[in-house]
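Hi,

Here is the structure I promised to pass on. Have a look at it, and then read on for what turned up.

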Amino acid sequence: MKILICEDDEMVLKMVEFKLRKEGYEVHLAHDGKESAAKIEELKPDLIITDIMMPYLNGLEIVNHVRKTLKYKTPIIIVSSIGLEKTVLEAFQLGADDFITKPFSPNELSVRVKKLLMKG
């Protein structure tokens, strides 16, 4: 299973990458929105984990790009330190499958990843 992590915070990126690789996933990384959009088209990941606040394109724009432009049904988990209800609702309206607020436990993220991948 291919997972793309779109995150500009190197610490969060490494933590999530380590946890998911340990569980046997093929993990790919993108450090900003532009790189994320390119890698989504190139890799066609089985799951996307994206931060909201990133340079170039933010996480909501990534969700919109995946759902509206590419028309992919790829599960998307949004991670963000912005837990504002408005942002969470917007993420779901655009087509995000899950939302997790930073700081989060790698184990919690892992459980959510497994759950979404089992659905597909």
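First, a word on contact: it means that heavy atoms lie within 4.5 Å. Also, this is a predicted model, where local features need pLDDT of at least 70 and side-chain atom pairs count only at pLDDT 80 or more, while totals for chains, interfaces and linings use all residues. Residues are numbered from 1 along each chain as its sequence is written, and side-chain values use heavy atoms, with hydrogens and water left out.

Let's start with Ser 36, which sits in helix H2 (residues 33–43). Helices (H or I, at least four residues) and strands (E, at least two) are DSSP runs, numbered from the N terminus. Ser 36 is buried, because its relative accessibility is 0%. For the cut-offs, buried is under 20% relative accessible area, exposed is over 50%, and partly exposed is in between (1.4 Å probe, protein chains only). If you skip its neighbours within four places in sequence, Ser 36 touches Leu 4, Cys 6, Ala 30, Met 54 and Ile 62.

Next, the helix pair. The axes of H2 and helix H3 (residues 59–69) come within 10 Å and cross at roughly 25°. That makes the two helices, H2 and H3, roughly parallel (angles under 35 degrees count as roughly parallel, over 145 as roughly antiparallel, 65 to 115 as roughly perpendicular and the rest as oblique). Axes here are lines fitted to C-alpha atoms, for helices over the stretch in contact, with angles from 0 to 180 degrees between N-to-C directions. On the H2 side, Gly 33, Ser 36, Ala 37, Ile 40 and Glu 41 meet Ile 62, His 65 and Val 66 of H3.

Now the charged pairs. How many salt bridges does a search of the whole structure find? The count is 11, a salt bridge being a side-chain nitrogen of Lys or Arg within 4 Å of a carboxyl oxygen of Asp or Glu. One of them joins Lys 102 to Glu 7, with the closest N and O atoms 3.1 Å apart. Lys 102 is in the loop between strand S5 (98–101) and helix H5 (106–119), and Glu 7 in the loop between strand S1 (2–6) and helix H1 (10–22), so this pair ties together parts that are 95 residues apart in sequence. Both Lys 102 and Glu 7 are buried.

Glu 17 and Arg 21 also form a salt bridge, at 2.8 Å from N to O. They are four residues apart in helix H1, so about one helical turn separates Glu 17 from Arg 21. Glu 17 is buried at 12% relative accessibility, whereas Arg 21 is partly exposed at 42%. Glu 10, Lys 14, Glu 17 and Arg 21 are linked in a network of salt bridges. In helix H2, Glu 35 and Lys 39 are again four residues apart, about one turn of the helix, and their side chains meet in a salt bridge of 3.4 Å, N to O.

Most residues other than glycine have a negative phi, and most peptide bonds are trans. Lys 102 and Pro 103, however, are joined by a cis peptide bond, with omega about -10°. Lys 44 is not a glycine, yet has a positive phi of about 45°; look for Lys 44 in the loop between H2 and strand S3 (47–51). Lys 71, also not a glycine, has a positive phi of about 60° and lies in the loop between H3 and strand S4 (76–80). Lys 71 is exposed, with a relative accessible area of 62%.

Cheers
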